[in-house]
Amino acid sequence: MRGMMIGTARDYGAKDSSHVSVTADRLDSKAMWLTGNTESIYAMIVFDLKVDGPTVFQAPAGLMGPVDDANFLFAFDIGPTGMDKGKGGKYLILPPGYEGDVPDGYFVFKSPTYRLFSFVRANMEVVGTGEKAMDFFRKNCRVYPLKDASKKSTFTNVTGMPINALVPEDASAFEWMHDIINYEPAEAFGKEKLGRLASIGIIKGKPFNPDARMKKIFEQAAKEGVAMSRVIAFNSRVENAKVYPGKEWESPSITNNSTFYQDDYINLEARTTFHFTADGITPAMAAQMPEGLGSRYQTTYKDKDGNFFDGNKTYKLNVPPKVPVKLFWSVTVYDTYTRAVVQTQPYPSISSQQTPAPVVNKDGSVDIYFSAKQPAGVAKQNWVEVVANQGFFVYMRYYGPLNAFNNKTWVPNNVELVK
C-alpha cells in the first residue's frame, strides 16, 4: 500500500487527496503496479485524513472498485458492490477517532487509518478513452475535504507516465514500516504487532537507527522474505489453490474472501500469495458475487505439463467459446520478477473488447500466443510478446462473471507448449 501511495505522489504528481490520476488511455506497461490490468481505465486517489480531515469522494455511476486502508485491509467498495449499488453518490470518509457532526446525505465510512488508497475502474465501452474519458471524470467525479466543498479536483491522464509502485526488497522495507506506524494511530495495528516491531527497534514515536549489525540482518531478512514469498505464490502447496481438477489455473484469492479466513484461522500462505502478486483488496474480486456482479481473476504460472513458463519458448492458450461474462474478459502477461506487466509492448494483453478484435476460430474459440517473437501465421492481435531468457505468468480476468463461470460448467483450457 505504501508503495502505491509513494509512487502516485512522486511519479504522478498527486500531492493531495483532490488529485485524481486517470489512465484515460488504459494502464500501459510503463506503469509498474502489481498485476495491473491493461484493459482498464483506472482512477487512483490517495486519501490523507490527517491532512484533510473528513473527506468526500463523489463517485459517479459507472465506476467500480475498492478503497483500502493503510494496513492494506478492505475498507469499502464503490459501484455495484458498494453502498451506492452502482448508482453513484457521495462517500464521506471519517478519520480515526472522529467525534464531530456527521451530515446527512452521505455514505459514511469510519476509517481506522489516516491514509487510504483507491483505484476505481471505468468500463471504456461506457466512458470512452482519452479526452472523452477525462471529460467523464472532470464532469462527474470529485474529491474534497468536507470543510472545503469549494475545492476543485485535479485530473491528470497518467497513461504513458512511468511509475514504480512496488515495495523495496532490501533493508529499506523496515524503514517503511517505521514510517507507517509513526503516521498512523497505534490502534490501527494492535499491541501484538507493535510489540513484534519494537523487538527489532521499530517503535512508534522513537527514531529508528539500526546499527551495522542490524542493518545486515534486515538486508538478509528482506531477501529471504521475498524469496519465500515468491515460492509460496508461484509454486503453491495450498490444497485449494487450483480452481479446476487437472488444470493449472489458480485463484489469487485462494480462500475466496478478502480476509483470508479459513475455518477458524487466517491462511497465511493464501494471504502471502495475494499480497505478493496483487494490488487492491475487495470481496468483489475474491468472493463469488451474484451473477453479473464483481470480477474474478485466475492465474497460471505453468503450462499443462506443470512446467514454469520460459520466455524462450512458444505457448498457446485456447480460450473456449462463449466466455461467461456480462462485461468482458482479458488475458494479461506479467514479469515473474516485478509481478508487473511485461514491458515488451504498451499493452501486453488480449481482450474481448479490444480493437482490432482477436481473430476468432470457426468454433468460436480464440487462440492466444505467448512468445518472444511473433509466430508465423499468427495475427498480431492474438499474440503477446514476452521477454526471452525470462519467466512470466498469465492472468485471465472475468468482469461480471455469469453462472456458467460461477458453477464451473464453463472451464478455461491450460496454456500449452507449442512443440
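Predicted model: local features only at pLDDT ≥ 70, side-chain atom pairs only at ≥ 80, totals over all residues.
## The second largest cavity

Two helices, α1 (2-12) and α5 (172-183), each contribute at least two residues to the lining of the second largest cavity. Of the elements involved, α5 gives the most to this lining, with 3 residues.

## The largest cavity

The count of cavities of 30 Å³ or more comes to 2, and the largest cavity holds about 250 Å³ of space. The strands β3 (41-48), β9 (115-122) and β21 (392-401) are the elements that give two or more residues to the lining of the largest cavity, and β9 gives the most, with 3 residues.

In total, 22 residues line the largest cavity, and those lying nearest its centre are Leu34, Thr35, Tyr42, Phe119 and Asp279. Sorted by class, the lining of the largest cavity comprises 14 nonpolar, 5 polar and 3 charged residues.

## The two linings side by side

Where the elements are concerned, the lining of the largest cavity draws two or more residues from each of β3, β9 and β21, whereas α1 and α5 take that part in the lining of the second largest cavity.

Technical notes:
Residues numbered from 1 in each chain as written. Heavy atoms only, no water. 1 Å grid on protein atoms, 1.4 Å probe; cavity = no way out; pocket = protein on both sides within 12 Å on 5 of 7 lines; lining within 4 Å. Points joined across faces, edges and corners; volume = space filled by probe spheres on them. Helix = DSSP H or I, 4+ residues; strand = E, 2+ residues; numbered from the N terminus. Nonpolar A, V, L, I, M, F, W, Y, C, P; charged D, E, K, R; others polar.
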